Amino acid sequence: MATMGSLIGLVNKIQRACTVLGDHGGNDGFSLPTLWEALPSVAVVGGQSSGKSSVLESIVGRDFLPRGSGIVTRRPLVLQLHKTEEGQQEYAEFLHLPRRKFSDFALVRKEIQDETDRITGKTKQISPVPIQLSIYSPNVVNLTLIDLPGLTKVAVEGQPESIVQEIESMVRSYVEKPNCIILAISPANQDIATSDAIKLAREVDPTGDRTFGVLTKLDLMDKGTNALDVLEGRAYKLQHPWVGIVNRSQADINRNVDMIVARRKEREYFDNSPDYSHLASKMGSEYLAKLLSKHLEAVIRARIPSITSLINKTIDELESEMDHLGRPIAVDAGAQLYTILELCRAFDKIFKEHLDGGRPGGDRIYGVFDNQLPAALRKLPFDRHLSLQNVRKVVSEADGYQPHLIAPEQGYRRLIESALNYFRGPAEASVDAVHYVLKELVRKSIAETQELKRFPTLQSELAAASYHSLEKFREESRKTTVRLVDMEASYLTVEFFRKLPQEVEKVGSDARGSTAANSTNNSAPTMDRYSEAHFRRIASNVSSYIGMVAETLKNTIPKAVVHCQVREAKRSLLTYFYTQVGRKEAKQLAQMLDEDPALMERRQQCAKRLELYKSARDEIEAVSWA
């Protein structure tokens, strides 16, 4: 089995690593509780001036904690004790000063005070942000203690009225956790029924399974009185034995009496006390430290299966998170180019899924052809263009000084050609509408490509190159659709007009007789060149022709747009990007794969946590079976 203290030393190491990673409370971004919360620890609880600091210093064997009146401990102090080999020098390390060793414990006290003031200011405010201190000494046992601000009932000058509740809430946040061992400090010269520490411990640990009671200031009790009722469990019974402590007197502190000497004097007090000599072997700070260390190791050993289970689950979550964030990018230019091309293929696949219906968005292109284009064609101002007044004007101007003989062909052509120019607008609008749909699909596809989220620079360059290609496709599509309109104007469909009834002009009154005589042989109606009916008939014929062309363009414009834009986007959207990438140097490729700093930080934190948890699992298994 593992040697005494080896498990505690391992837990100390894991807790320290958790604190370095910021993984020491609350939630670290995953659904599981943190490893810190799963590891047992000992929280020191007591009222102000109950002797908490003296108890801790007695356990450590060093005078290192700030002292004074009122509230002195204003931030939690996570104190990790590491037992070293005999003869080795004692020293202390702070987590916030990782490369500095303190061998002068007066400087440790000053640093605790300075670090407290750094967060709270030189006031009597408190902060839940812990100070992490490790002490390495041959005179300690492996143990982790958390010194918490002293409980109080009244706010003093310079403190807000809420300080009483704030301190209790902070202390409660530690001791209510089921893995927390409570070291409840109570002064012996006060009634145990008024003890702040016992009152709180009773609320969070009603069975007393997690609570160790400590009585301080036994030597300051009134003459003729003793604390045997408490120490022997008659006044308030706990599952664990009460331990009495005799701290250094104020005179000893003023004379800087050595803590080793103070420990000897404490042993002598219990050995020679007529009240407590029969309990002497189970009294004193040295016994308390060994008792806590032994119990803590037993708790850790009992929790190994659940701790290992938590670690395994967290490792699974971290590995899943690492897969989601992506692995680090290789520094080799060839590997970087391969990565870029793989990312492009992933993007291109999603883009095509949008167009082909695997993802939403491509249907908006059909909406352009089925709704926008027909609506735009219907809104063209042909009513105004083919009004009686405009038809008369165009036809008359087309005749010039010589009136037309049979039908106003030039008038027809001018009316049709000028009307066909109106089709340019809907044709170009269709091109632009599809262009904007394709641009939006590019944006959405980049956003939906999970692998690209790591690389904002590559996203930008990929989007810019795709937009460049779409702009090229749009220009080609515009030329093609406008060419379709121009083709309709370049050559009119003669067959359409040949099927129309022929108009024979009525030249004058002398011709009326012969025209009437021949009416039985000519089925075409006879019309006056200058009559309204004549111009209405022209407008009607032109309107019919324009309608026929509109139907044709309604079918051919979508074909041209799809051929020039959609089809090309599916086939060669990234051709321009590939050309640009192929010209880039290694440094430029690396810049394209420059990740979002927040994402890089997240991956580094995940990697560190993963390494911590795997190391913790291996070491716990090794120690527990050693």
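This is a short tour of one predicted chain, stop by stop.

Before you click anything: because the model is predicted, local features need pLDDT of at least 70 and side-chain atom pairs count only at pLDDT 80 or more, while totals for chains, interfaces and linings use all residues. Residues are numbered from 1 along each chain as its sequence is written, and side-chain values use heavy atoms, with hydrogens and water left out.

**Whole chain.** Start with a cartoon view: there are 23 helices and 11 strands (DSSP runs, H or I of at least four residues for helices, E of at least two for strands, numbered from the N terminus). Of the 626 residues, 49% are buried (under 20% relative accessible area, 1.4 Å probe, protein chains only).

**Helix α11.** Now select 333-356. These 24 residues reach 34 Å from first C-alpha to last, close to the 34 Å expected at 1.5 Å a residue (that is, 1.5 Å times one less than the number of residues). At the start, zoom in on Asp 332: one of its side-chain oxygens comes to within 3.1 Å of the backbone nitrogen of Gly 334.

Next, show the side chains of the buried residues of α11, including Ile 340, Leu 343, Phe 347, Ile 350 and Phe 351. What do the buried residues of α11 pack against? Color α12 (363-378), α16 (424-448), α17 (456-490), α20 (532-572), α21 (575-582) and α22 (586-592) to see the partners.

**Largest pocket.** Select Ser 49, Gly 51, Ser 54, Arg 67 and Lys 217, the closest to the pocket's centre among its 24 lining residues. About 550 Å³ of space lies here. On a 1 Å grid over the protein atoms alone, a pocket is an open set of points with protein on both sides within 12 Å along at least five of seven lines, a cavity is a set where a 1.4 Å probe fits but cannot get out, and lining residues have an atom within 4 Å of a point. Volumes are the space filled by probe spheres set on the points, which are joined across faces, edges and corners. Helix α3 (52-60) and α8 (250-254) each give two or more residues to the lining, with the largest share, three, coming from α3.

**Largest cavity.** Finish with one of the four cavities of 30 Å³ or more. The largest cavity holds about 110 Å³, and its lining includes Leu 65, Arg 74, Ile 112 and Asp 147. Highlight α4 (105-120) too: this helix gives the most to that lining, three residues.

Notes
Buried means under 20% relative accessible area, exposed over 50%, partly exposed in between (1.4 Å probe, protein chains only). Contact means heavy atoms within 4.5 Å. A polar contact is a pair of N or O atoms within 3.5 Å; within protein, one must be able to donate a hydrogen and the other to accept it, and residues adjacent in sequence count only if both atoms are side-chain atoms.
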